[in-house]
Amino acid sequence: MSDSTQDFVTPVHMHSGAWWATSHGNARRTALGATAVVVLLAMISWLIWVSPSDNIVRSAVTEVTGVDPSINVSSLKADRSALLDQLVSAKKQLAESKAALADVQQQAWTSEGQLTAAQAKLASAESALAQAQSAADSGGTGTGSGAAGTAGGRGTGASTGSGSGGTGSNGSTGGGATGPVTVETPSLASIIDPDSRYFGLFTDQAPFNWATYDAQEAAVGSEANMVGYFQGFDQEFRADAVRSSWSRGKLPVLTWESQPIKAGNNEPEQPDYSLTKIIDGSFDSYLTTYADDIVANGMPLALRFDHEMNGTWYPWSTDYGNSKGAVNGNGPGDYVKAWQHVHDLFERQGANDLVAWIWAPTRVDRLATGKTGGSNHTTEDFLATLYPGPEYVDIVGMSGYYRPPYDDKSQPTFDSTFGATLKQLRAIAPGKNILLAEIGASETGGSSDPTATSEKAQWFNSLFAALADPANADIIGFSYFDLVATTVVDGVRSTNDWRLTSRSDSLAAFTAGITRRDVGYDLQPSP
C-alpha cells in the first residue's frame, strides 16, 4: 500500500515544485498552502488505510497515473523468466526428438538392407531347390540358371538383359517388400570386355543412398553406368548394394580393403591385418562367408581388391622404399600370395563366376625412388613383383589424380597423370583391358585469375581427347572420385575439391567431353 500512496503523491509534488518556483513574493502563503495540502493528503491516506476494499486504491491511483499498481514488476520478470525456461526446454525436447528420429531412420535403413540380403539368399535357395527337384524328376540332367550354375563354369541364365557393358545372360531374382523382382544383369564376359566405355562415380553414400549421385548425374547431363564404393575386412558382403546398383543399370565396383572400414589411408602399421594373416588362413572363415554370400546373391560385380599396393600408405604395402624397411611386417612376394589365396578361395566357393577381379596400382611417378635405401617404387620391375598373374586378374587399372604439389611432374594433361603408369601396365599385363579405376582433378592451384579457364577444365579436355585416341582403345572407362577429401599421401596432407561441379568451366569441360561422339560412350541423358 505504501508504494501505491507514494505513486499517488508524486505528481502533486512535481506540480507544487513547479508552481513554487514561479513566485518568491508569496512564500509565506505558499508554505501555509503546502501545510494544508499535507494535512489533506494525510486525511486521504487514513481513509485509504481504513477502506474495506482494495478497489478504491486501484481506482484512485489508476485514475491519476494511468497505471494499475496491481501489476507487480517483479511478478512480470518472474513470469518472463519462466516462459524463457519453457522455451529452452521445448527446444531441447525438439533436438532430442530429431536425434531420436535420425536413429530410427538409420535403424530402418540397416534393417532394410538386412532384409534385402536375407530375401536374396532365400530367393537363391528356393531357386536351387526348384532346380534340384526338377533335375531329380528328369533323371538328374539339366543346366543351372545364372549364379546357380556349376562352380566349374559360367552359369547360363534363364533371362537376358542389357547392362552397362553390353548384352548379358545372367538373370537374377531378388526379393522385395511386395514379392520377388527380377533384375537383369549382363554376363561376366561382357563386363570384362564391354561394348561401350564405363563412366563411374564415387559419391558420399551411393549405392546405399543415391541423392548425391543423382544430383551429379543431373549436373553432367548424362547417366553414369558404374558406381564405386568401399568396404573393409570388418564388414559383411552387402547384397543390397549390388542389387541396388543393377536395379539402376550400373556396374557395382567394390573396393575391398583388408583393413577396418574406418581406417585412414595413412595407417599402414596394422598387425592384425598383415598379409601373412591372410596367407595363413586367419581370415578364411570370413572370406568363405563373403564368397558364399556373393553366390547366394547371384549378381555379378567388379572387385578392386587391396588397391594402390605399390604405395606406402596401406597395411598391404610391402616396403617403404627407404631405410625404414617392410610395411606392417610384410615381406617380398606376400602381396601376390595374399591375392592368390583370396582368389583361390573364391574359386572353390564358385564366387569367381560372378566377380571381375581388378588389379589397380597407383600412378608410379609420384612414389618413393629408393634413393635412401629400399625399393624404387617408380620402376616397372618393382610393379611387376606385385602382379598376381594373368589367370588371377580380369582387368588392370590404376588410380591417377591431378593434385598438388604442382610441378613438372604434374601438368594438367592426360599423359602427365597417366602416361608413365599406363606404359608399365601394358608391359606387365599385355592384352588386358584397363580401367582408370579412381581418378580426379583438384580445383586448388592453377591461375589466380578467376576468369581464366581452370587447369581442371584443361585436364578434362586432355582426358577426353586421349580417350578418343585409338592408341588408348584398351581403356574401357574411368570412375571419377566426386568428393571433397583430405588425404595424406607420402606424408603430404592436402584437402582437395575433386567434384565435377567445383567450377562452372570445369563442369562445362567435362559435360562436353563425356558427350563427344568419338570417345566411345553410349550413355542415356540424365532425367
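These notebook entries record what I looked up in a predicted model.

**Entry 1: the barrel.** I began with the strands. I found a closed barrel of eight strands, in the order S5-S6-S7-S8-S9-S10-S11-S12, with parallel pairing. From one strand to the next, I noted an average twist of 30°.

Entry 2: I then examined strand S9 (residues 355–359) and strand S10 (residues 395–402), which run parallel and are joined by two bridges. Opposite Trp-359 I located Val-396 in S10.

**Entry 3: helices on the sheet.** I looked up helix H7 (residues 239–247), which packs on the sheet and touches strand S6 (226–232), strand S7 (251–257) and S8. The direction of H7 makes about 155° with that of S7. Helix H10 (residues 334–349) also packs on the sheet, where I recorded contacts with S7, S8 and S9. Its direction makes about 175° with that of S9.

**Entry 4: salt bridges.** How many salt bridges does the structure hold? I noted nine, and I looked up several of them individually.

Arg-304 and Glu-438 form one, with their closest N and O atoms 2.7 Å apart. This pair links distant parts of the chain, since Arg-304 lies in strand S8 (residues 301–305) and Glu-438 in strand S11 (residues 434–441), 134 residues apart. I recorded both Arg-304 and Glu-438 as buried.

Asp-240 and Arg-238 also meet through their side chains in a salt bridge, at 2.7 Å from N to O.

Finally, I noted a salt bridge between Asp-505 and Arg-503, with the closest N and O atoms 2.7 Å apart. Arg-503 counts as partly exposed, at 26% relative accessibility.

Terms used: Residues numbered from 1 in each chain as written. Predicted model: local features only at pLDDT ≥ 70, side-chain atom pairs only at ≥ 80, totals over all residues. Heavy atoms only, no water. Salt bridge = Lys/Arg side-chain N within 4 Å of Asp/Glu carboxyl O. Helix = DSSP H or I, 4+ residues; strand = E, 2+ residues; numbered from the N terminus. Buried < 20%, exposed > 50% of the residue type's maximum accessible area, 1.4 Å probe, protein only. Pairing = 2+ DSSP bridges. Axes fitted to C-alpha atoms, helices over the stretch in contact; angles between N-to-C directions. Contact = heavy atoms within 4.5 Å.
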